[in-house]
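Please have the structure open as you read.

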Amino acid sequence: VARQAFALVVVSPGVRPERVRALELKGEVIGELELGYLLASAPITAITGTNGKSTVTTLTAAMLGEGALAAGNLGTPLSEVAREPVRRFVVEASSFQLLWSERFHAEVAGVLNLTPNHLDYHGSFEAYRAAKARLVERLAPGDVLVVPAHDDAVAAIPVPHGVEVRTFAVHGEADYWLSDGVLLGPGGRVLCR
């Protein structure tokens with residue numbers, strides 16, 4: 001049976017790659033997050049991890065203030081708002097979305113944590129981590145990566161040369177950490193209570 005050729009197929013993040021491969025589609029196949037990136041009118045900060053993505057994405061957009069727009073896996077697809085006149089997009093990126101993204105690039109990326117999750121979809125923790133690592137792989141010199149100081153699964157993700165890494169911790173020292181109800185920054189500088 002001859003397969004129909006398409007210039008572009010945009011796949012919903014929840015569709016398993018093997019199902020798409022079985023269709024033998026001819027043409028470029030990307031995910032919705034990738035489409036949003038290709039259409040984006042502003043730079044992107046992206047947040048991924050197993051837990052806390054929506055909270056941190058929303059908080060980051062609020063801290064950046066006017067001109068920052070939260071989008072992605074938390075509800076509003078990036079492709080839906082990609083042409084909005086904003087200063088920065090703050091995007092929650094799931095493993096399903098990142099799996100379908102070949103070019104998605106964030107200037108600032110955060111990997112909050114990694115624990116086994118969605119193993120029925122990815123097949124193994126290593127495959128799940130590899131999907132999340134796609135966000136880090138596309139960082140370029142001068143970009144910033146924010147990671148937990150004490151998470152071995154996150155630490156196992158290779159960081160491209162020239163990427164500035166910032167660490168955070170709730171317990172123990174890092175670039176940014178909590179101590180007795182105080183948020184401390186580099187050099188132990190008090191940032192806020």
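In which helix do Phe125 and Tyr128 both lie? Look at helix α7, residues 125–137: the two residues sit there 3 residues apart, about one turn of the helix. Bear in mind as you look that this is a predicted model. Phe125 and Tyr128 are both buried. Their ring centres are 6.2 Å apart, and the planes meet at 40°, between the limits of 30 and 60 degrees, so this pair counts as tilted.

The structure holds 2 aromatic pairs, and Tyr37 with Phe104 is one of them. Here the ring centres lie 5.7 Å apart with the planes at 65°, which is over 60 degrees, so the arrangement is edge-to-face. Tyr37 belongs to helix α2 (residues 32–39), while Phe104 is found in the loop between α5 (95–99) and β6 (108–111), so the pair ties together parts that are 67 residues apart in sequence. Tyr37 is partly exposed, at 25% relative accessibility, whereas Phe104 is buried, at 1%.

Now let's step back to the whole chain. The protein has 8 helices and 11 strands. Its radius of gyration is 18 Å, close to the 16 Å that the globule rule gives for 193 residues, so the protein is as compact as a globular protein of that length. Along the principal axes, the C-alpha atoms fill a box of roughly 65 × 40 × 30 Å. Of the 193 residues, 40% count as buried. Among contacts with a separation of 6 or more, 53% join residues 24 or more positions apart.

Notes:
Residues are numbered from 1 along each chain as its sequence is written. This is a predicted model: local features need pLDDT of at least 70, side-chain atom pairs count only at pLDDT 80 or more; totals for chains, interfaces and linings use all residues. Side-chain values use heavy atoms; hydrogens and water are left out. Helices (H or I, at least four residues) and strands (E, at least two) are DSSP runs, numbered from the N terminus. The radius of gyration is taken over C-alpha atoms; the globule rule is 2.2 Å times the number of residues to the power 0.38. Buried means under 20% relative accessible area, exposed over 50%, partly exposed in between (1.4 Å probe, protein chains only). Contact means heavy atoms within 4.5 Å. Rings of Phe, Tyr and Trp (its six-membered ring) pair if their centres lie within 6.5 Å; planes under 30 degrees apart count as stacked, over 60 as edge-to-face and the rest as tilted.
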